Amino acid sequence: MQFRKSMLLAGVFLLCFRTADAQTAPTPTTSPAAPAQSSGTKNAINGIDSYPGPQFVKYAAEREPKDRRIDYFLSDWEGSMPRAEHGSLVLRDILTRGDNFAPPERGAVLHFANFFSYARLAAGASTPPTALQGEQEIFYILGGEGEIKAAGDTAHLRSNVAVLMPAGLEFQMTSTGTDALTMYVINEPLPPHFQPKAKMAVKDEAAARQRTPAGGDPYIVGGASGHWAHIVRELFSPADGLATEQSVITVTINPDTLGEPHPHQPGQEEVWAAIEGTSLAMLGTETRLQKPGMAYMLPPDGVTIHSNICIGDKPAKFLYFARFPDRTDYTHAHDVRAR
């Protein structure tokens with residue numbers, strides 16, 4: 001097993017440091033006679049890869065060894081102070097509002113979402129009946145047992161169950177097990193004229209739709225839906241009631257595999273939060289160990305690439321949420337070329 005890990009890491013670093021070759025590679029083209037080129041070069045979300053082949057991936061120039069800027073884009077809940085929400089729900093922030101390109105502090109990277117946090121409801125505790133105003137929340141349960149009630153509906157809470165709670169809907173959450181109920185929380189604002197749903201949406205990840213590959217892309221491994229190795233299960237979309245976010249999914253990556261390295265464009269806010277397993281977050285030419293409780297957002301500068309690499313004996317799973325640059329209301333004063 002150690003040999004396999006060593007070989008995987010060696011391959012990753014070889015890929016990372018082929019900077020000169022990648023930056024001089026020709027612009028990819030599409031040809032009917034070459035099916036391997038059919039996926040194009042767009043960063044797609046519905047089951048294809050971003051590049052016709054690894055040779056087209058471009059890498060930013062290598063940074064100075066003492067430059068730790070990338071660490072501002074990756075954070076975990078253990079380093080944040082607890083705060084209360086909905087009475088007895090204790091939150092520890094992971095990512096907060098800030099700057100996509102130049103975070104003022106570690107984890108302050110969000111432009112669209114309000115915050116992304118780890119939350120804990122003590123065993124036997126309940127939140128008082130409450131309703132969100134001007135915002136919505138997505139709860140992804142990590143551990144424990146509980147229930148949530150809203151508008152006459154009751155949902156059982158356990159690991160891998162997700163709940164989208166609309167604005168204006170009174171709800172109450174209870175931890176019914178012997179252990180604390182733990183979860184990730186995504187808080188999103190409401191755009192003008194947005195109409196929240198009248199019911200909460202509940203998804204069991206095990207029963208959620210699993211994406212399938214689009215077309216015959218030769219770089220997608222068996223069982224994955226795109227980006228070489230991503231196994232995607234869909235949780236929530238705007239059709240389910242998302243207000244600002246456009247996609248909430250889980251992504252699983254099997255041992256000794258990695259996602260396709262690719263960049264994000266300005267206006268794309270994409271967060272990867274580790275749920276289980278051990279992985280490396282590849283951010284530009286650097287890697288960081290990512291454990292459960294940690295999340296990152298890639299700088300959307302069109303150059304810095306990212307990938308997730310499973311280095312453990314078991315699959316690595318992530319909670320992913322994103323808003324994409326096809327919305328026209330994104331404005332930012334920074335020149336993304338100044339890194």
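In what order do the three strands of the open sheet that contains β7 stand? The order is β8-β7-β10, and the pairing is antiparallel. The model is a predicted one: local features need pLDDT of at least 70, side-chain atom pairs count only at pLDDT 80 or more, and totals for chains, interfaces and linings use all residues. Residues are numbered from 1 along each chain as its sequence is written, and side-chain values use heavy atoms, with hydrogens and water left out.

Strands are DSSP runs (E, at least two residues), numbered from the N terminus. Two strands pair if DSSP finds at least two bridges between them. Strand β7 (residues 146-150) pairs with β8 over five bridges, in the antiparallel sense. Glu147 has His156 of β8 as its bridge partner.

Strand β17 (residues 279-283) has five of its five residues buried, so it is largely enclosed by the rest of the structure. Buried means under 20% relative accessible area, exposed over 50% and partly exposed in between (1.4 Å probe, protein chains only). Ser279, Ala281 and Leu283 point one way from β17. Leu280 and Met282 point the other way, and all are buried. Five bridges join β17 to the antiparallel strand β18 (residues 286-290). Here Met282 is bridged to Thr287. The two strands, β17 and β18, form a hairpin with two residues between them. Gly284 in the turn has a positive phi of about 65 degrees. Strand β20 (residues 305-310) also runs antiparallel to β17, again with five bridges. Ala281 has Asn308 of β20 as its bridge partner.

The largest nonpolar core has 58 residues. Such a core is a set of buried Ala, Val, Leu, Ile, Met, Phe, Trp, Tyr and Cys residues joined through side-chain atoms within 4.5 Å. The residues with the most contacts inside this core include Phe116, Tyr184, Val248 and Leu319. Strand β21 (residues 316-323) gives the most to this core, with six residues. Val248 is in contact (heavy atoms within 4.5 Å) with Ile186, Leu235, Leu319 and Phe321, among others, neighbours within four places in sequence left aside. A second, separate core of 23 residues includes Leu121, Ala125, Leu157 and Met183.

The whole structure holds six aromatic pairs. Rings of Phe, Tyr and Trp (its six-membered ring) pair if their centres lie within 6.5 Å; planes under 30 degrees apart count as stacked, over 60 as edge-to-face and the rest as tilted. Phe116 and Phe321 have ring centres 5.4 Å apart and planes at 45 degrees, so the pair is tilted. Phe116 lies in β5 (residues 115-121) and Phe321 in β21, 205 residues apart. Phe116 is buried at a relative accessible area of 0%, and Phe321 is buried at 0%. Phe139 and Phe171 form a tilted pair, at 6.1 Å centre to centre and 50 degrees between the planes. Phe139 belongs to β6 (residues 135-143) and Phe171 to β10, 32 residues apart. Phe139 counts as buried at 1% relative accessibility, and Phe171 is buried at 2%. Phe116, Tyr184 and Phe321 form one aromatic cluster.

Conventions: Helices (H or I, at least four residues) and strands (E, at least two) are DSSP runs, numbered from the N terminus.
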